[in-house]
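Please keep the sequence and the structure in view while reading.

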Amino acid sequence: MTTSSLSYKRHWFPAQIIAHVVWFYHRFSLSLREVEEMLLERGIVVSCETIHRWGIKFDPAYVRQLQRKKASNDDVWYLDEVVISIQSKKRYLGRAIDQDGYILDEILQSRSNTKAAKRLLTLLLKKQRVVPKRIITDKPGSYGAAKRQVMPDVEHLCHKGLNNRAQNSHLPL
């Protein structure tokens, strides 16, 4: 996280520690006392009241820095799906990633067909409000058929090697 645009004047602690403490508090849903104890174990003595004041002061600025860029017509969407088992039933998790690696949308469906791909594309268009420049998928023909129905003017590349960005986004799952 870049902290250069924020003013840390009149703060005794360095900007990196303040940013890290606020990140700890929000990222791991810790209480103020738990963050205080974690810092104490690392040799940093900070009261929970100070952590609370840092959160009030710096939270809005951090949120502005972390907000995603606006979607544009130059975007490239990578679409992929993975089979997962939920209560011993096969489900398909469809996922869309943009060229920067941000997850645009996910959808869990019981089938993997043109209707399911069309549902994913329409949800993406509603959420993003912008038609992408290009869509990249792997081999299933359902994406091509759905793309022709939903957004026929968009370029579609269908190749297994080009879709690694979407494939890699499934790894943490």
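## Contacts around I18

A contact here means that heavy atoms lie within 4.5 Å. In this predicted model, and leaving aside residues up to four places away in sequence, I18 touches Y8, H11, F13, W54, F58 and Y62.

## Overall make-up of the chain

The chain holds six helices and five strands, and these elements, read from the N terminus on, follow the order α-α-α-β-β-β-α-β-α-β-α. Of its 173 residues, 36% count as buried, and the accessible surface comes to about 11,100 Å², with 52% of that area belonging to carbon and sulfur atoms.

When contacts between residues at least 6 apart in sequence are considered, 51% of them join residues at least 24 apart.

## The nonpolar cores

Which residues touch the most other members in the largest nonpolar core? In this core, which has 17 residues, they are Y8, I18, W54, F58 and Y62. The elements that give two or more residues to this core are α1 (15–27), α2 (32–41) and α3 (48–66). Apart from it lies another core, made up of 14 residues, including L79, I107, A117 and Y143.

## Aromatic pairs

A pair of aromatic rings is described by the distance of the centres and the angle of the planes. Searching the whole structure gives three aromatic pairs. One of them joins W12 and F13 in an edge-to-face arrangement, with 4.9 Å from centre to centre and 85° between the planes. Are these two residues buried or exposed? W12 has a relative accessible area of 76% and is therefore exposed, the cut-off for that class being over 50%, whereas F13, with a relative accessible area of 14%, is buried, because buried means under 20%.

F13 also pairs with W54: the ring centres are 5.5 Å apart and the planes stand at 80°, so this pair too is edge-to-face, given that planes over 60 degrees apart count as such. The pair links distant parts of the chain, since F13 lies in the segment before α1 and W54 in helix α3, 41 residues apart. Both F13 and W54 are buried.

## The ring cluster

Taken together, ring pairs link W12, F13 and W54 into a cluster.

Note on methods
Residues are numbered from 1 along each chain as its sequence is written. This is a predicted model: local features need pLDDT of at least 70, side-chain atom pairs count only at pLDDT 80 or more; totals for chains, interfaces and linings use all residues. Side-chain values use heavy atoms; hydrogens and water are left out. Helices (H or I, at least four residues) and strands (E, at least two) are DSSP runs, numbered from the N terminus. Buried means under 20% relative accessible area, exposed over 50%, partly exposed in between (1.4 Å probe, protein chains only). Accessible areas come from the Shrake-Rupley method with a 1.4 Å probe; for residues, only the protein chains shown count as cover. A nonpolar core is a set of buried Ala, Val, Leu, Ile, Met, Phe, Trp, Tyr and Cys residues joined through side-chain atoms within 4.5 Å. Rings of Phe, Tyr and Trp (its six-membered ring) pair if their centres lie within 6.5 Å; planes under 30 degrees apart count as stacked, over 60 as edge-to-face and the rest as tilted.
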